[in-house]
Amino acid sequence: MIMDIDEVLLDAEERMDKSVRVFNEQLSKVRTGKASTGIVEDVMVNLYGTEMPLKQAANIMAPETRLIVIQPYDKNAIPAIEKGIMQANLGLNPVNDGTVVRIAIPQLTEERRKEMVKVVHNYAEESRTAVRQIRRDANDTLKKLQKDSEITEDEMHRTFDEVQKLTDDHVAQIDKRMEEKEAEILEI
């Protein structure tokens, strides 16, 4: 399949956008000391002999800054939900009243906050690396197009600059979101 310059740029931008989206999804699962439904949405629960994410088995709400409430679609699922949360090793203790599962979000210790910041930094670095790899792929494709005389050398270098601009924009988005999450974690 032969690509042209616009296709190379579009492909690179779509892939970089996806890397930023994945990074944001990862961040939504990092505990900050405030209740966030993202912490438990993807916890796997064994219901009716099938493993499924918690978000498919219950409504998940955060009515207060330090409380998550899980209302299962089937009240018989409460023990399985509690077990799934405990097995996920999130440091959370679910409590049920027979109709809903409540999770009080404890205040993070200073040590735990620093660990969470390290996790966020690792996610950010993985995402920046992914964006840079996409840049490398796009540049390799452009070099091949130029070698095959599909584009001129000037077009190739001009497009290298556009790919670099895309890369810089996406890395800046990742860095900005990382700083926001870090501030959220360190907030007392």
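**Reading charges and helices**

Mentor: K55 has a relative accessibility of 41%, so K55 counts as partly exposed. Please bear in mind throughout that this is a predicted model.

Trainee: With which residue does K55 form a salt bridge?

Mentor: Side chains of opposite charge can pair when their charged atoms come close. Here the partner of K55 is D42, and the closest N and O atoms are 3.0 Å apart. The pair links distant parts of the chain, 13 residues apart: D42 lies in the loop between helix 1 and strand 1 (44-47), and K55 in the loop between strand 2 (50-53) and strand 3 (58-64).

Trainee: Is D42 buried, partly exposed or exposed?

Mentor: Buried means under 20% and exposed over 50%, with partly exposed in between. D42 has 32% relative accessibility and therefore counts as partly exposed. A88 also has a value of 32%, so A88 is partly exposed. A88 sits in the loop between helix 2 (78-87) and strand 5 (94-96). The C-alpha atoms of A88 and D42 are 9.7 Å apart, although 46 residues separate the two in sequence.

Trainee: How many salt bridges does the structure hold, and which residues are joined into one network?

Mentor: The structure holds 13 salt bridges. One of them pairs K165 with D169, at 3.2 Å between the closest N and O atoms. Both residues belong to helix 4, four residues apart, which is about one turn of the helix. K165 is exposed at 52% relative accessibility, whereas D169 is partly exposed at 34%. As for the network, salt bridges that share partners join E125, R128, R132 and D175. Within this group, R132 and E125 form a salt bridge with closest N and O atoms 3.6 Å apart. R132 is partly exposed at 30%, and E125 is partly exposed at 34%.

Trainee: Which residues form the negative surface patch?

Mentor: The patch is formed by D4, D6, E7, D161 and E162. Helix 1 (5-28) and helix 4 (153-186) are the elements that give two or more residues to the negative patch. E162, found in helix 4, has a relative accessible area of 39% and is thus partly exposed.

Trainee: What span should helix 3 have, and how far apart are its end C-alpha atoms?

Mentor: Helix 3 has 38 residues (residues 110-147), so at 1.5 Å a residue it should span 56 Å; the end C-alpha atoms are 55 Å apart, which agrees. Just after helix 3, S149 takes a positive phi of about 60°.

Technical notes
Residues numbered from 1 in each chain as written. Predicted model: local features only at pLDDT ≥ 70, side-chain atom pairs only at ≥ 80, totals over all residues. Heavy atoms only, no water. Buried < 20%, exposed > 50% of the residue type's maximum accessible area, 1.4 Å probe, protein only. Patch = residues over 30% accessible without salt bridge, like charges linked within 9 Å, V, L, I, M, F, W, Y side chains within 5 Å. Areas by Shrake-Rupley, 256 points an atom, 1.4 Å probe, with all protein chains shown as cover. Salt bridge = Lys/Arg side-chain N within 4 Å of Asp/Glu carboxyl O. Lys, Arg positive; Asp, Glu negative; His and termini not counted. Charge placed at Lys NZ, Arg CZ, Asp CG, Glu CD. Expected span 1.5 Å × (residues − 1).
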